[in-house]
Amino acid sequence: MNKNIVCIGAGYIGGPTMAVIAKMNPDRKVLVVDINKDRISAWNSPDYALPIYEPGLVDVVKEVRGKNLFFSTDIKGAVKECDIVFVGVNTPTKMFGRGAGRASDLQYWEATARDIKEYADGDKIVIEKSTLPVRTAAAMDAILNTHAKYRFTVLSNPEFLAEGTAIKDLLEPDRVLIGGPQDDVGIAAINEAVDIYASWVPRDRILTTNVWSAELTKLAANAFLAQRVSSINAIAGLCEATGADVDEVARVIGADRRIGPKFLKAGPGFGGSCFKKDVLNLVYLCETFGLHTAAEYWIGVIKMNEHQQERIVSRLFREMFNTLANKKIALFGFAFKADTGDTRETPAGKVARLLADEHVRLVITDPKALVNARRDLADLDGVSYIEDEYKAVESADAVVVMTDWRHYPALDWRRIYGAMRKPALVFDTRNCLDAAALRKIGFKVLNIGK
Ligand code: NAD
Ligand code: UGA
């Protein structure tokens with residue numbers, strides 16, 4: 001009989017991943033539990049006002065919620081009922097004590113391990129879904145299996161989905177990674193985890209490794225992606241100084257099949273909850289193992305990213321006559337990328353703060369992230385939050401496009417120009433608008449890397 005599954009942590013990872021696992025494994029019961037009552041209520045809301053926005057997610061939840069997918073706060077009951085326990089709790093950067101600002105804060109993860117041990121009434125397979133430092137499974141194993149009544153086998157099954165495309169990424173993954181101990185018990189547990197995914201993922205895309213490789217691969221994969229973004233952004237600055245065009249440079253670099261075209265889009269820098277956190281974690285690990293040159297190398301990726309947002313504000317300052325005080329600037333987009341309401345580490349947050357330092361009158365507009373923007377910038381005075389872009393630009397001096405929302409190019413830019421104070425500036429930090437058309441209307445246009 002197929003075993004029941006519980007996931008502890010009902011966030012961006014736990015919710016969508018378990019919804020898809022439930023959809024593709026109709027004969028398994030899948031429980032998702034969390035300590036956050038509001039989040040669980042939102043997952044259970046009768047009108048499907050789910051706690052996160054993700055294209056296609058509502059449809060999957062509608063299909064399986066109440067059939068074989070259940071959300072609750074009853075962690076104890078769920079651990080008892082299930083033989084396979086995924087852990088998808090948050091692992092933010094630690095902000096205190098040893099490793100502050102670099103290491104992962106593992107307190108949520110450890111609390112979960114202790115809950116599993118306390119509530120278990122039989123052997124369990126415990127699967128790390130959260131992104132964790134390499135060798136965490138050893139600590140998990142020590143907590144779970146010391147003076148324990150039952151046997152716990154710890155696997156690592158990191159998740160590679162990206163926000164905004166989570167459902168598609170889950171349904172058609174490039175690969176699924178499952179790492180585990182290489183003894184008989186470990187291999188049997190790996191096979192059980194493989195079976196969950198094999199109900200829809202082709203076997204040759206389910207890769208199995210030892211547990212340490214799986215843990216490290218996740219950090220390395222995010223670091224490689226972040227490094228590509230920082231690399232193209234480093235070239236963008238040089239393009240601005242020399243008259244080269246970063247989009248042209250990226251197109252030609254990406255045509256080399258050894259490099260490939262993805263993750264070469266210059267912009268305001270990477271945001272999101274994971275790239276910075278995971279690169280910092282890699283830096284911390286390198287330092288811990290005495291690999292200081294490697295640590296410096298990865299720190300460069302973060303430094304370059306932060307510099308990109310500073311450069312945006314410096315350019316605005318220069319192009320707006322070296323004074324921004326009392327000017328009205330509308331940020332178009334606050335989410336860290338399109339198709340999500342997530343604002344964690346969003347470049348727009350840093351740009352907003354730098355502009356607020358210059359006493360800019362800020363207006364934030366975003367189709368999905370205004371609630372989060374209001375929360376993130378609550379300590380700043382004089383910021384307005386307006387969903388309607390046309391209202392947001394009334395007598396504004398500049399529009400700064402921070403997120404590549406798909407509808408921005410289709411806005412009525414003549415109408416926007418008409419509503420703004422002149423000279424009207426558009427800084428398109430995503431290079432997603434038709435700059436020539438905007439110039440024809442009368443806008444002064446700035447782009448990244450041009
Ligand atoms: P999140 O903050 O959205 O969700 C984590 C949830 O865990 C929260 O709802 C929190 O209340 C819950 N939680 C914390 N401690 C708990 C406990 N002791 N018992 C029960 N619930 C508890 O975080 P997320 O974005 O889903 O990320 C989770 C992990 O997945 C992180 O390690 C992250 O690096 C990794 N990850 C995230 C993404 C992504 O796209 N967000 C992608 C890949 C990997
Ligand atoms: C990223 C990875 O892509 C996922 O594989 C991984 O699972 C996830 O992190 C995680 O561990 O949390 P995500 O952060 O959701 O996913 O989104 P991405 O599409 O990777 O974008 C990250 C940031 O880089 C965004 O701010 C995006 O705008 C920026 N970016 C991306 C660029 O500036 N240029 C690009 O070419 C690509």
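Two strands are taken to pair if DSSP finds at least two bridges between them, and strands (E, at least two residues) and helices (H or I, at least four) are DSSP runs numbered from the N terminus. The model is predicted, so that local features need pLDDT of at least 70 and side-chain atom pairs count only at pLDDT 80 or more, whereas totals for chains, interfaces and linings use all residues. Residues are numbered from 1 along each chain as its sequence is written, chains are lettered from A and ligands numbered from 1 in the order in which they are written, and side-chain values use heavy atoms, with hydrogens and water left out.

Strand β2 (residues 30–33) runs parallel to β3, to which four bridges join it; leucine 31 has phenylalanine 70 of β3 as its bridge partner. In a regular strand the side chains alternate between the two faces of the sheet. Strand β3 (residues 69–72) accordingly has a covered face, formed by Leu69 and Phe71, and an uncovered face, formed by Phe70 and Ser72. A parallel pairing over four bridges also links strand β12 (residues 398–401) with β13, where leucine 425 is the bridge partner of alanine 398.

Nonpolar cores were defined as sets of buried Ala, Val, Leu, Ile, Met, Phe, Trp, Tyr and Cys residues joined through side-chain atoms within 4.5 Å. The largest comprises 41 residues, and those with the most contacts inside it are Met18, Ile21, Leu69, Phe86, Ile178 and Tyr197. Helix α8 (residues 184–198) makes the greatest contribution to this core, six residues. Leaving aside neighbours within four places in sequence, tyrosine 197 is in contact (heavy atoms within 4.5 Å) with Ile21, Phe86, Lys129, Asn157, Val176, Ile178 and Ile206. A second, separate core of 35 residues includes Ile232, Leu355, Ile364 and Leu425.

Asparagine 4 is placed in the segment before β1 (5–8). This residue counts as buried because its relative accessibility is 18%. Not counting residues up to four places away in sequence, asparagine 4 touches Lys29, Glu81, Cys82, Asp83 and Ile84.

Ligand 1 is surrounded by 27 residues, of which Ile13, Asp34, Arg39, Thr91 and Lys277 are the closest; a residue is near a molecule if one of its heavy atoms lies within 4 Å of it. Helix α5 (residues 107–119) supplies the largest share of this shell, three residues. Oxygen atoms of ligand 1 lie 2.6 Å from a polar side-chain atom of threonine 91 and 2.8 Å from one of arginine 39. A nitrogen atom of ligand 1 is 3.5 Å from a backbone N or O atom of isoleucine 35. Of the 830 Å² of accessible area that ligand 1 has on its own, the protein covers 92% (Shrake-Rupley method, 1.4 Å probe).

Around ligand 2 there are 19 residues, with Phe160, Leu161, Glu163, Cys274 and Arg430 nearest. The largest share of the shell, four residues, comes from helix α9 (residues 211–242). A polar backbone atom of phenylalanine 160 is 2.7 Å from an oxygen atom of ligand 2, and a polar backbone atom of leucine 161 is likewise 2.7 Å from an oxygen atom of ligand 2. For lysine 337, a polar side-chain atom lies 2.8 Å from an oxygen atom of ligand 2. Taken alone, ligand 2 exposes 700 Å², of which the protein buries 88%.

Terms used:
Buried means under 20% relative accessible area, exposed over 50%, partly exposed in between (1.4 Å probe, protein chains only). A polar contact is a pair of N or O atoms within 3.5 Å; within protein, one must be able to donate a hydrogen and the other to accept it, and residues adjacent in sequence count only if both atoms are side-chain atoms.
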